[in-house]
Amino acid sequence: METFGVRLHRAVTERGPLCVGIDPHPGLLARWGLPDDVDGLDRFARTVVEAIGDQVAVVKPQSAFFERFGARGVGILESTIRQLRESGALVLLDVKRGDIGSTVAAYASAYLDPAAPLYVDAVTASPYLGVGSLAPMFELAATHGGGVFVLALTSNPEGAQVQRAHGADGRTVAQTVIDEISQLNAGAQPLGSFGLVVGATIGDTGHDLSRVNGPLLAPGLGAQGATAADLRTVFGSSLPSVLPSYSREVLGAGPDPAALRAAAERVLADCRGVLAD
Ligand SMILES: O=C(O)c1cc(=O)[nH]c(=O)n1[C@@H]1O[C@H](COP(=O)(O)O)[C@@H](O)[C@H]1O
């Protein structure tokens with residue numbers, strides 16, 4: 001069985017380092033001329049998959065925008081995931097789960113068990129009930145070749161209050177998260193399966209990402225104000241592990257599939273220029 005790290009490394013080599021989010025905001029549905037209902041959601045998601053599913057390495061549906069419509073919305077999330085897998089993109093489901101360990105085990109089986117209806121290649125997870133509470137996710141991911149992207153330094157300004165607080169040993173909370181995930185990835189070749197989320201908006205915070213040996217998902221580009229050039233400041237020598245992530249910046253080009261593809265190509269070119277430095 002191939003690990004997520006191996007599969008991600010291959011996808012990025014073949015398609016380039018880019019993650020595009022599917023975030024069907026009500027405002028985007030309106031701009032695309034779609035109703036703010038389940039049919040609009042379905043058409044939006046299908047259009048994105050058909051436009052870029054065979055082009056980008058990773059696609060990240062944001063679960064919240066599907067859950068908004070209840071069971072039928074989650075049904076569309078299921079079919080979106082299936083279509084994405086058929087198109088060859090890796091699916092990173094953005095659900096930011098985190099809880100006590102016994103409940104995390106249930107979340108793990110919801111997303112990382114190949115028999116589950118919402119089975120995906122990787123999920124986002126919140127470590128702020130303690131990184132150790134996510135162990136059942138790490139274990140199931142390792143068993144089935146899945147991945148987990150753990151929030152470290154998020155792109156929103158409110159995150160700093162918690163994430164950059166200092167613990168008794170002098171490290172920030174975020175640095176302890178980074179160090180624990182680094183341990184999980186130790187020795188993995190060519191890349192570990194456990195990623196971190198580090199916002200492109202945060203500037204130079206002095207955190208040490210040099211031992212992560214896993215993917216660094218960088219949201220906050222485009223709509224939240226960060227530019228590809230900011231990746232250099234945030235990631236420094238860790239740039240080769242960065243997976244830039246855009247949602248509204250690309251989605252705003254729709255609904256024309258050719259325009260969506262062109263937008264994805266444009267942001268990938270912007271990022272390649274920086275990541276190749
Ligand atoms: O885990 C994430 O993807 C994430 C982490 C973070 O720190 N900041 C962040 O914006 N995100 C998600 O990334 C997407 C950003 O969307 P845009 O701002 O439209 O590119 C949203 O789905 C957010 O929930």
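Modeller: Axes are lines fitted to C-alpha atoms, for helices over the stretch in contact, and angles run from 0 to 180 degrees between N-to-C directions. This is a predicted model, where local features need pLDDT of at least 70, side-chain atom pairs count only at pLDDT 80 or more, and totals for chains, interfaces and linings use all residues. Residues are numbered from 1 along each chain as its sequence is written.

Biologist: At roughly what angle do the axes of helix H3 and helix H5 cross?

Modeller: Helices (H or I, at least four residues) and strands (E, at least two) are DSSP runs, numbered from the N terminus. The axes of H3 (residues 38-52) and H5 (residues 70-87) cross at roughly 10° and come within 10 Å. That makes H3 roughly parallel to H5, since angles under 35 degrees count as roughly parallel, over 145 as roughly antiparallel, 65 to 115 as roughly perpendicular and the rest as oblique.

Biologist: Which residues of H3 meet H5?

Modeller: Two residues are in contact if their C-beta atoms, placed from the backbone, lie within 7 Å. In H3 they are Val38, Leu41, Asp42, Ala45 and Val49. Their partners in H5 include Arg72, Ile76 and Leu84.

Biologist: In what order do the eight strands close into a barrel?

Modeller: Two strands pair if DSSP finds at least two bridges between them. Here the order is S1-S2-S3-S4-S5-S6-S7-S8, with parallel pairing. The twist averages 30° from one strand to the next.

Biologist: How many bridges join S1 to S2?

Modeller: Four bridges join S1 (residues 19-22) to S2 (residues 58-61). Val20 stands opposite Val59 in S2.
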